[in-house]
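Here is a short report on one structure. Look at the sequence and the model first, then read on.

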Amino acid sequence: MNIEWYIVLSSLLFAIGATGILIRRSPVVILLCLELMLNAGNLALVAFSRMVGNQQGQIFAIVVMVVAACEVVVGLGLIVAIFRRKLPLDVDALRELRG
Amino acid sequence: MTATAWAWLVLLFPLLGSIVIALGFKVLPVKAAGAIGTLTIGLTFLCGVAALISLLGESPEARHHASSLWDYASVAGLNIKLGIFVDPLSVFMVLVVAGVSALIHLYSFGYMQSDQGYHRFFSYLNFFVFSMLLLVLAGNFVLLIVGWAFVGFVSYALISFWYRRQTATRAGMKAFVVNVVGDIGLVLAAFLIFRELGTFEYSQVFAKAPQVFHTNEWTVTAICLLLLAGVFAKSAQLPFHTWLPDAMEGPTPVSALIHAATMVTAGVYLIARTHALFVLAPTAADIAAFVGLATLLVAATIALVMTDLKRAIAYSTMSQIGYMIVGVSIGAYGAGMFHLMTHAFFKALLFMAAGSIIAAMANEQNIDKMSGFGRAMRFTSITMVCGGLALAAFPLTSGFFSKDEILAYAGARGGMYLIFTVLGYFGAFLTAIYTFRLIFRVLPGKPCPEAQELIDSGHVAHEAPRNPATGEMEDTEVGFPGAEHHIAEQSLPMRIAMAVLAFGALFGGLIQIPGVDNIVANFLDPVFADSPLAAIHPSTSWSWIGLGIGSVISLAGIGVAYWLYVVRPEVPAALQQRFSAVHTFLYNKWYFDEAIDLLIVRPTLAIGRFANRVFERFVVDGLVSGTEDIVGGGGRLVRVVQSGFVRSYALLLLVGFAGLALYFLLSSS
């Protein structure tokens, strides 16, 4: 199969994830969208790996998965903490970092 | 013990006294501080005498010794020793300084008794004596400058002694600033000497100078002119003299010690000490002599109209130092130094008498308000007349011999120098008039209220202390004499000091009578043996003719003063009316203060203001605030991005990455 299809799929997934991050305000959904983007990247990595013919890209994809898992742990932990403190679960409302 | 060992002791005692009094000001009783101060200076004087005896035991040619205790500074091939130089000149100065200082300490012991700052006063005074002795004993130019700067500082500290007085602190600052201008000249001269001769040591400098310099070469002239800047500033010669009359804001013993007898004569000593250089630069020496002449005449004319008792005596001091400068500059070294000594006697005495009268007047210094003190204060007036006679060069008093010797030498040198003789005698005439103007205004006549009170009840006038210059109330809590005043009639130490000085003023001249004895000049001769000018001597008969002229002039001056101020007291007022322009001119001190203000102070201030307005505001402030604006503006710009909206960060990130990716795509294809 031609490499372009993989890249197109990957780009579509990435764009969906990015759009989700930009338009949704719930942190849970944003985390999901982030995962989507990361996996879009993974797809591209694996596709290129097959095209080139070695395993480096695949190994890199595994590393990305590990990072994604960690990120989800931290992110979900934050979300639970926000929830416990009865703060609004809305990223636009949490803007203490304004300079 | 050797002469140098005694000389080290001479330096040790006053320093020790100063430190002990300064550290012990809380525990020492008032009288103990005064006693320590006076005793240490007395011991200093005795050590000076011992040094003199030990010098006299040697042959005249061998009477110079250098000694150093340790290195003062040793850097980059330059080794300056903490060294002293003992020869007849320095020992002579030590004796004059320590002798007069001891008496003035004794006087202060009584005079300053009820002053709040008694310990501070004696500590300063002892430190002054130390500094002055360091100045005269220094063995190289570096130590000379150290002593020179020290006396300048102590002078400042003592002028501003009553530091709650605005006028006093101002006068102190003025004296300090003017002196520092001179110090700069002295320091530059020392640099130049080191550049040309490679050493600071006196003995080497004076030995090398004739081999290195040609007569009137520009370098040696420059050195001498720079030295003269220091001399003129310290010795209150034109145009650096304006600080001296203002220095009379200090306590009277200070005026007597520092601003009459010792410190202001440092310039005379410096010229005598560096005569080897001045011989090589006759132009500079002539400039010094003419400045001295101008000063002696200008100051004498101002003294004729001054109504402030102490300021009038201060102008007389300037005038007499003018004589000394003329003397040592034209080559009459012995005579100049002799006049320094006699002047120290009679001028210190006059100031002491004036201080006693001012105390009786409750700090009033205006002679218009004084009269009749002859009956009220017998001892003070007798000593004042003694001092006045010596100052006016009354025949056979000390000033008579010393002043005429300078003028006789100028005559013997002949040529252009006859001007000094002629104008010097004219100055002597003015001296006699202004001296006896003071005496006839203050002593005879109907007693003023303060004098009357003294006659009637023996009480010294006590008023709430006011500053005579401004009329404002004095702050007596910190360092002002307070309501108590002390006069010589009621204080034994003051009387002793004045009596000794009166003796010196009357008979001090007898140690150097032309043709009879020549003690001072003979003693100093070895120091000046290398100067060709020292070989010139007025013949004895000419000296006596000069003395004859001098006595006629002195008597004439006293006669004129008697006629003007006793016989026809209405004449001075009429003269003042008739020549009011001249009087105003003299009364405003030839407008020297105003001229300096106009020529130096105002332009400097204007430059400062201009620099503040233009350079400071636009360039410096522009640089600083410009930097601040750039940083602040940049910060404000960047702050906008930090909105706190996580989603906008994400958008920026995405757009940024997209842009980057686009850029690389486009640039790679």
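## Ground rules

Helices here are DSSP runs of H or I with at least four residues, numbered from the N terminus. The model is predicted.

B:Phe401 sits in helix 18 of chain B, which covers residues 398-413. Is B:Phe401 buried or exposed? A residue counts as buried if 20 or more other C-beta atoms lie within 10 Å of its own. B:Phe401 has 27 such atoms within 10 Å, so B:Phe401 is buried. Leaving out residues up to four places away in sequence, B:Phe401 touches B:Gly509, B:Gln512 and B:Ile513. B:Ile382 is 19 residues from B:Phe401 in sequence, and their C-alpha atoms are 21 Å apart in space.

B:Trp563 belongs to helix 23 of chain B, residues 540-567. B:Trp563 has 13 C-beta neighbours inside 10 Å, so B:Trp563 counts as partly exposed. Between B:Trp563 and B:His486 there are 33 Å in space, C-alpha to C-alpha, and the two are 77 residues apart in sequence.

## Chain B overall

Chain B has 669 residues, and 52% of them are buried. Its secondary structure comprises 27 helices and four strands. The C-alpha trace of chain B spans about 120 × 65 × 60 Å along its principal axes. Take the contacts in chain B between residues at least 6 apart in sequence: 81% of these join residues at least 24 apart.

How is chain B split into domains, and what are their bounds? The domain assignment gives domain 1 (3-587) and domain 2 (593-668). The C-alpha centres of domain 1 and domain 2 of chain B are 61 Å apart.

## The nonpolar cores

The largest nonpolar core holds 219 residues. Those with the most contacts inside this core are B:Val10, B:Leu133, B:Leu137, B:Ala348, B:Leu349 and B:Ile357. Which helix gives the most to this core? Helix 15 of chain B (residues 333-360) does, with 20 residues.

B:Val10 shows what one of these residues touches. Not counting residues up to four places away in sequence, its contacts are B:Thr44, B:Cys47, B:Gly48, B:Ala51, B:Val94, B:Ala98, B:Leu133 and B:Leu137. There is also a second, separate core of 12 residues. A:Ile30, A:Cys33, A:Ala61 and A:Val91 are among its members.

## A helix pair in chain B

Two packed helices are described by the angle between their axes and the distance between the axes. Helix 5 (residues 141-159) and helix 6 (residues 166-197) of chain B pack at an angle of about 175 degrees. Their axes are 8 Å apart. Angles over 145 degrees count as roughly antiparallel. Helix 5 of chain B is therefore roughly antiparallel to helix 6 of chain B.

On the helix 5 side, the residues that meet helix 6 include B:Phe141, B:Trp148, B:Gly152 and B:Tyr156. On the helix 6 side, they include B:Ala168, B:Phe176, B:Asp183 and B:Ile193. By class, this contact has 14 nonpolar, four polar and one charged residues.

## Where the chains meet

How many residues does each chain bring to the contact? Chain B gives 10 residues, and chain A gives 10 residues. Helix 27 of chain B (residues 646-668) supplies the largest share of the chain B side, with five residues. By class, the chain B side has five nonpolar, three polar and two charged residues.

Terms used:
Residues numbered from 1 in each chain as written. Chains lettered and ligands numbered in written order. Predicted model: local features only at pLDDT ≥ 70, side-chain atom pairs only at ≥ 80, totals over all residues. Contact = placed C-beta atoms within 7 Å. Helix = DSSP H or I, 4+ residues; strand = E, 2+ residues; numbered from the N terminus. Nonpolar A, V, L, I, M, F, W, Y, C, P; charged D, E, K, R; others polar. Axes fitted to C-alpha atoms, helices over the stretch in contact; angles between N-to-C directions. Parallel < 35°, antiparallel > 145°, perpendicular 65-115°, else oblique. Domains from an automatic or database assignment. Core = buried A, V, L, I, M, F, W, Y, C linked by C-beta atoms within 7 Å.
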